[in-house]
Amino acid sequence: MTRIPIILDTDLGIDDAVAIAAALHAPELDLRLITTVAGNVSIDKTTRNALQLMDFWNASVPVARGAATPLVRPLRDAASVHGESGMAGYSFEQTRRTVLNKPAVEAMHECLNASAEPVTLVAIGPLTNIALLLTQYPECKSKISRIVLMGGSAGRGNFTPYAEFNMGVDPEAAARVFESGLQIQMCGLDVTNNAVLTPEYLAALPTHGRSGKMLHGIFSHYRSGSMTTGLRMHDLCAIAALVRPALFEWHSCFVAVETQGRWTSGATVVDIDNKFGQPANAQVALDIDIAGFRDWASQVLALAP
Ligand code: BDR
Ligand code: CA
């Protein structure tokens, strides 16, 4: 099987950890680089979390540290959802791994240049690193196959009434990415809110080996849903979109990111009916096969040792 080469950009909180479990173990994917960005928690913590996970799964994927703050705004984190460390609830061993000795943007640029075929960027945090990459190395667009991201919403937000967290934290970066001309697949909050793992599945996780125990531990500190009502796996949807696109209903349309709005900055304006008459710049997921998502999620997570 030809595997899809990917670079994963993450603000490693709890649902990011699940997406990484899938990205590392899905047989369809070739995870070549992890880059970290500030978002759910600080850049020091997201980077440490990435190194800890690479240790946990004994994986050799390099990790590069990215932006500590959004392009122009101060960071507003989501420690209230993911806990102070971003990955509380499991005692990871102290990691002796280190990050690459180059910043995320340089590592992405080198990884793209070194690849014989175009690479897919998977973004599951604020888009700061990717915006910086496209600004500093515009020529690298030809090496990017597409960007698959979790972020935005065709409905309401969770950061503000109309902004989803990843877009709301760094609207200027998100706008740059959506205006880049690259192919974008967007899994927004209105859809990922339905990507819920059931209480029954969650309760059985401790019997699913050490990965199951670890995920159960960190899930008990996750506040996007609850262990008794089910937990939302926002970022895992970006991986599902890559390897199981048929689980989603896709709509090609124009998406703008609001950067000016007094009450709406970070909102994604998803022009489903083409009211603005603009050319489409994204494929937007508008619906998800929830049962199919759960089946796939349980299969891929069972591959993590
Ligand atoms: C997104 O925000 C973060 O808290 C999650 O990790 C996910 O990427 C959901 O809005
Ligand atoms: Ca995330």
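In the predicted model, helix α1 passes helix α12 in a left-handed crossing. The contact between the two helices is formed by V18, A21, A22 and H25 on the side of α1, and by W296, V300 and L301 on the side of α12. Of the residues in this contact, six are nonpolar, one is polar and none is charged. Helix α1 covers residues 14-25 and helix α12 covers residues 290-302; their axes come within 9 Å and cross at roughly 70 degrees. Angles from 65 to 115 degrees count as roughly perpendicular, so α1 is roughly perpendicular to α12.

Two packed helices are described by the angle between their axes and the distance between the axes. For α5 and helix α7 (residues 171-178), the angle is about 50 degrees and the axes are 8 Å apart. The two helices are therefore oblique to each other. As for the handedness, α5 passes α7 in a left-handed crossing. Helix α5 contributes T128, I130, A131, L134 and T135 to the contact, while α7 contributes A173, R176 and V177. The residues of this contact divide into five nonpolar, two polar and one charged.

The calcium ion (ligand 2) is coordinated at 2.3 to 2.6 Å. Along the chain, the donors of the calcium ion follow the spacing D-x4-D-x107-I-x110-D. Residue I124 lies in the loop between β4 (119-123) and α5 (128-136), whereas D235 lies in the loop between β9 (230-232) and α11 (236-243). The pair therefore ties together parts that are 111 residues apart in sequence. Both I124 and D235 are buried.

The relative accessible area of P118 is 42%. Because values under 20% count as buried and values over 50% as exposed, P118 is classed as partly exposed. When residues up to four places away in sequence are not counted, P118 touches P5, S142, K143, I144 and S145. Residue Q185 is 67 residues from P118 along the chain, and the C-alpha atoms of P118 and Q185 are separated by 16 Å.

Note on methods. Residues numbered from 1 in each chain as written. Chains lettered and ligands numbered in written order. Predicted model: local features only at pLDDT ≥ 70, side-chain atom pairs only at ≥ 80, totals over all residues. Heavy atoms only, no water. Axes fitted to C-alpha atoms, helices over the stretch in contact; angles between N-to-C directions. Helix = DSSP H or I, 4+ residues; strand = E, 2+ residues; numbered from the N terminus. Parallel < 35°, antiparallel > 145°, perpendicular 65-115°, else oblique. Left-handed = near helix turned anticlockwise from the far one by under 90°. Contact = heavy atoms within 4.5 Å. Nonpolar A, V, L, I, M, F, W, Y, C, P; charged D, E, K, R; others polar. Donors = N, O, S within 2.8 Å, 3.2 Å for Na, K, Ca; no water. Buried < 20%, exposed > 50% of the residue type's maximum accessible area, 1.4 Å probe, protein only.
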